Amino acid sequence: MHGTFIWHELMTPDPAAAKAFYGPLLGWEPTDMQMEGFTYTTFAVPGFPSGVAGMMALTEDMKGQGIPPNWTGYIGVDDVDQTAADYAANGGTICRPAEDIPGVGRFAVVADPQGAVLCIMTPKMEDGSEGSWPTPGSVGTVGWNELMAGDWEKVWDFYAARFGWEKDMAVDMGPLGTYQTFKLSGRGIGGMMTKTPEIPAPYWGFFFIVPAIDAAIEKMKSIGGSLMFGPHEVPGGSWIAACQDPQGAYFNLTAAKK
């Protein structure tokens with residue numbers, strides 16, 4: 001599991017509105033859980049008991065720190081404390097020190113040397129949990145994880161050393177430079193490129209799988225979302241679209257057909 005994206009989480013100012021948006025768009029079934037001092041929502045794909053993503057409200061403290069509505073990815077690691085310390089020792093930052101989530105696992109929030117933020121987690125695996133998640137590539141799951149880096153070539157070795165990622169196909173994007181895809185244990189899981197100047201800071205973005213891109217875009221717009229870019233065909237024949245939810249969080253859609 002080390003180096004695999006295992007969870008994706010939405011921080012939003014309006015959880016009720018976000019449920020009403022992402023449920024119909026991605027076919028998710030929400031379940032609210034009462035945690036100590038807040039409510040956490042998990043989103044599940046019908047037919048599979050384990051969630052594929054989570055959501056919680058942005059707190060006033062987070063808003064005060066300037067944290068906008070956003071999607072964040074969690075990477076599974078063998079030892080959260082060791083990986084966080086390794087981040088800090090190699091130019092990264094520990095944004096939130098490692099702590100336990102009772103019954104769930106141990107996590108920390110970290111940023112790479114160029115400032116892109118992720119969460120790392122050592123989950124507490126329950127017996128019999130195998131087979132409770134949809135297979136990779138299923139509709140409603142995250143099919144791709146993408147880093148818009150300050151300079152992808154300079155940060156590549158940092159990620160490869162932390163998570164064991166290997167370079168896969170490199171795509172020539174012309175004046176935009178190279179789009180470098182990467183894999184883990186032979187399976188492609190994401191890509192990275194150097195961000196354009198108008199993007200204010202490096203960040204990770206995530207692509208949710210839908211059956212067909214045009215129908216998903218129309219659905220997304222009809223329930224209050226905005227189309228930022230696309231649809232655009234990418235190498236391999238898939239289609240992508242960059243979107244923004246009604247609360248301001250950016251996300252992407254991807255489909256095998258238009």
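Ser-185 is exposed, with a relative accessible area of 75%; buried means under 20% relative accessible area, exposed over 50%, and partly exposed in between (1.4 Å probe, protein chains only). Ser-185 lies in the loop between β11 and β12, and it has a positive phi of about 55° although it is not a glycine. The model is predicted: local features need pLDDT of at least 70 and side-chain atom pairs count only at pLDDT 80 or more, while totals for chains, interfaces and linings use all residues. Residues are numbered from 1 along each chain as its sequence is written, and side-chain values use heavy atoms, with hydrogens and water left out.

**Sheet containing β1 to β8**

- Eight strands form an open sheet in the order β2-β3-β4-β1-β5-β8-β7-β6, and the pairing is mixed; two strands pair if DSSP finds at least two bridges between them.
- Helices (H or I, at least four residues) and strands (E, at least two) are DSSP runs, numbered from the N terminus.
- β2 (29-35) and β6 (93-101) stand at the edges with a single partner strand each, so one side of each is left without a neighbour in the sheet.
- The twist in this sheet averages 25° from one strand to the next; axes are lines fitted to C-alpha atoms, for helices over the stretch in contact, and angles run from 0 to 180 degrees between N-to-C directions.
- Strands β1 (residues 5-12) and β5 (residues 70-76) run antiparallel and are joined by 6 bridges, with Leu-10 opposite Trp-71 in β5.
- Helix α3 (residues 80-89) lies across β6, β7 (105-111) and β8 (117-123), at about 10° to β7; contact means heavy atoms within 4.5 Å.

**Sheet containing β9 to β16**

- An open sheet of 8 strands has the order β10-β11-β12-β9-β13-β16-β15-β14, with mixed pairing.
- At its edges stand β10 (166-172) and β14 (226-233), each with a single partner strand, so one side of each is left without a neighbour in the sheet.
- Strand β15 (residues 239-244) pairs with strand β16 (residues 250-255) in the antiparallel sense over 6 bridges, and Trp-239 stands opposite Ala-255 in β16.
- Helix α1 (residues 15-26) lies across β13 (203-209) and β16, running at about 10° to β16.
- Helix α4 (residues 152-163) lies across β9 (142-149), β10, β11 (178-184), β12 (187-194) and β13, at about 150° to β12.
- A cis peptide bond with omega of about 5° joins Gly-230 and Pro-231, and Pro-231 lies in strand β14.

**Salt bridges**

- The count comes to 8 salt bridges, a salt bridge being a side-chain nitrogen of Lys or Arg within 4 Å of a carboxyl oxygen of Asp or Glu.
- Lys-19 and Asp-32 meet in a salt bridge (2.9 Å, N to O), which links distant parts of the chain: Lys-19 in helix α1 and Asp-32 in strand β2, 13 residues apart.
- Lys-19 is partly exposed at 24% relative accessible area, and Asp-32 is partly exposed at 42%.
- The side chains of Lys-258 and Asp-214 meet in a salt bridge (3.0 Å, N to O); Lys-258 is in the segment after β16 and Asp-214 in helix α5 (residues 213-222), 44 residues apart.
- Asp-100 and Arg-106 meet in a salt bridge (3.2 Å, N to O), and Asp-81, Asp-100 and Arg-106 are linked in a network of salt bridges.
- Asp-100 is exposed, with a relative accessible area of 52%, whereas Arg-106 is partly exposed at 24%.
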